[in-house]
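Please find below a short note for a colleague who is meeting this structure for the first time. The sequence and the model are shown first.

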Amino acid sequence: MGSCFQFFAKKKYNKATPKGEGGKMNEVLKEIFEKGKQYTLPYLSELGITVNNNDFVCCLYHDHEDLDPSMKWYSDTNQFYCFGCGRTMDIYDLAAEYEGK
């Protein structure tokens, strides 16, 4: 597991939310996604992936051959969108794709 992803491996959040605490769970999820933003570029670097000056990379999905960078990283939402295959990805999808988690 990538060293910058260890923070998330240690956190365990119960998906079941008692009635009346939906807002609290939303805040927890927002916190997790915000913390994930700081790990995206270092995690890509650990994987040997470089984002170019226009925030594009070759598609990060292994089943899509991409010779020219067609996947754009949107730093404000911390998500990737591939203009070639039309799929999106966030840091959690990235970890699942590259580490089988």
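This is a predicted model: local features need pLDDT of at least 70, side-chain atom pairs count only at pLDDT 80 or more; totals for chains, interfaces and linings use all residues.

1. Four strands make up an open sheet, arranged in the order β1-β2-β3-β4 with antiparallel pairing. The edge positions belong to β1 and β4 (88-90); each has a single partner strand, so one side of each is left without a neighbour in the sheet.

2. The pairing of β3 with β4. These two strands run antiparallel and are joined by 3 bridges. As one instance, Q79 has D90 in β4 as its bridge partner.

3. The nonpolar core. The largest nonpolar core contains 16 residues, and L44, V57, L60, M71, F80, M89 and L94 are those with the most contacts inside it. At least two core residues come from each of α2 (22-46), β2 (71-74), β3 (79-82) and α3 (91-99). The greatest contribution is that of α3, with 3 residues. In soluble globular proteins, nonpolar side chains tend to be buried together.

4. The surroundings of M71. Leaving aside residues up to four places away in sequence, M71 touches a set of residues that includes D55, F56, V57, C58, C59, L60 and Y61. Also among its contacts are D66, F80, Y81, C82 and R87.

5. Is L67 buried or exposed? L67 is exposed, because its relative accessible area is 72%, over the 50% cut-off. L67 sits in the loop between β1 (56-57) and β2. From L67 to V57 the C-alpha to C-alpha distance is 9.9 Å, and the two are 10 residues apart in sequence.

Key. Residues are numbered from 1 along each chain as its sequence is written. Side-chain values use heavy atoms; hydrogens and water are left out. A nonpolar core is a set of buried Ala, Val, Leu, Ile, Met, Phe, Trp, Tyr and Cys residues joined through side-chain atoms within 4.5 Å. Buried means under 20% relative accessible area, exposed over 50%, partly exposed in between (1.4 Å probe, protein chains only). Contact means heavy atoms within 4.5 Å. Two strands pair if DSSP finds at least two bridges between them.
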